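These are my notebook entries on a single chain. I set down what I looked up, entry by entry.

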Amino acid sequence: MNTKSLTYYFSTGSRYSYLSMAALPEIELQYAVQFEWVPVNGQRMRTLSGLDPFAGPPLSGQYNWAYREQDAKAWANYYGIPFVEPHSVEFDVELLLRGVLAAGRQGQLRAYAWALAQEVFAKGTWPLDKRVTEQVAQTLELDLDIFVADRDAAATQQQLENNCAAAVSRGAFGTPSVFVDDTLFWGNDRLPLVR
């Protein structure tokens, strides 16, 4: 195993995190490395960093929602995975991320994050609510009672906040962010540079 430290900050509510999740396994195999997956709330990171291009009208065309959908579809085609634009950008991202952390406590963080991201961006599941988080947990044969208790625990919310603060303290400002040792690469489109 390569001795480099690779940290992957992602959000299951981020289209570009979904896309990058599809590419990481191949990078791991090709370079004999392993990414540490750390769930974060991108909106919270933007608040903490004071840099939020989504606050107010788009600052440039790349933040226009129609362009973002077109771009995500093109990347999904490149990766050979489906992409469906969510019914709305207004959903409880923190609920989804708390589900990821709860699954992680049962050793299934990556599998759960990928399965949940597919519900959001491949299947167009709506609404994105507690029921969806529990269905994904059941699909992975997690202990549902433990999962629900962990998902809804104050400690899980605090862990999510700590993850965001740690990412921002390292210089991250959005998702997905990959650190190779201490060097930041932001965005799905930077994965060729990570390679």
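I treat two strands as paired if DSSP finds at least two bridges between them. Helices (H or I, at least four residues) and strands (E, at least two) are DSSP runs, numbered from the N terminus. I note that this is a predicted model, in which local features need pLDDT of at least 70 and side-chain atom pairs count only at pLDDT 80 or more, while totals for chains, interfaces and linings use all residues. Residues are numbered from 1 along each chain as its sequence is written, and side-chain values use heavy atoms, with hydrogens and water left out.

**Entry 1: overall**

I looked up the secondary structure and found nine helices and four strands. Read from the N terminus, the order is β-α-β-α-α-α-α-α-α-α-β-β-α. I took buried to mean under 20% relative accessible area, exposed over 50%, and partly exposed in between (1.4 Å probe, protein chains only). By that scale, 47% of the 195 residues of the chain count as buried. I counted a contact where heavy atoms lie within 4.5 Å. Among contacts between residues at least 6 apart in sequence, 72% join residues at least 24 apart.

**Entry 2: the strands**

I began with S1, where five of five residues are buried. S1 runs parallel to strand S2 (residues 35-39), to which five bridges join it; Thr7 stands opposite Glu36 in S2. S1 and S3 run antiparallel and are joined by four bridges, with Leu6 opposite Val180 in S3.

In S3, Ser177 and Phe179 point one way and Val178 and Val180 the other, and all are buried. I recalled the general rule that in a regular strand the side chains alternate between the two faces of the sheet. Four bridges also join S3 to strand S4 (residues 183-186), again in an antiparallel arrangement, and Val180 stands opposite Thr183 in S4. The hairpin of S3 and S4 has two residues between the strands, and Asp181 takes a positive phi near 55 degrees there.

I then checked the segment before S1, where Thr3 is found. Thr3 is exposed, with a relative accessible area of 76%. Its C-alpha atom is separated by 7.9 Å from that of Val33, 30 residues apart from Thr3 along the chain.

**Entry 3: aromatic rings**

I paired rings of Phe, Tyr and Trp (its six-membered ring) if their centres lie within 6.5 Å; planes under 30 degrees apart count as stacked, over 60 as edge-to-face and the rest as tilted. The structure holds 13 such aromatic pairs. Tyr9 and Phe179 form an edge-to-face pair, because their ring centres are 6.0 Å apart and their planes at 90 degrees. This pair links distant parts of the chain, with Tyr9 in strand S1 (residues 6-10) and Phe179 in strand S3 (residues 177-180), 170 residues apart. Tyr9 is buried at 5% relative accessibility, and Phe179 is buried at 1%.

Trp75 and Tyr78 also form an edge-to-face pair, at 5.6 Å centre to centre and 85 degrees between the planes. These two are three residues apart in helix H3 (residues 65-79), and therefore separated by about one helical turn. Tyr78 counts as exposed, at 64% relative accessibility. I also noted one aromatic cluster formed by Tyr18, Phe83, Trp114 and Phe121.

**Entry 4: helix H7**

Which residues of H7 are buried? In helix H7 (residues 144-151) I found Phe147, Asp150 and Arg151. They cover an arc of only 100 degrees around the axis, so they lie on the same side of H7; the arc is that of the directions from the helix axis to the C-beta atoms. Among the elements covering these buried residues are helix H4 (93-104) and helix H8 (154-169).

**Entry 5: Asn188**

Asn188 lies in the loop between S4 and helix H9 (191-194). At 1% relative accessibility, Asn188 counts as buried. Not counting residues up to four places away in sequence, Asn188 touches Tyr16, Leu19, Ser20, Trp75, Tyr79 and Pro176.
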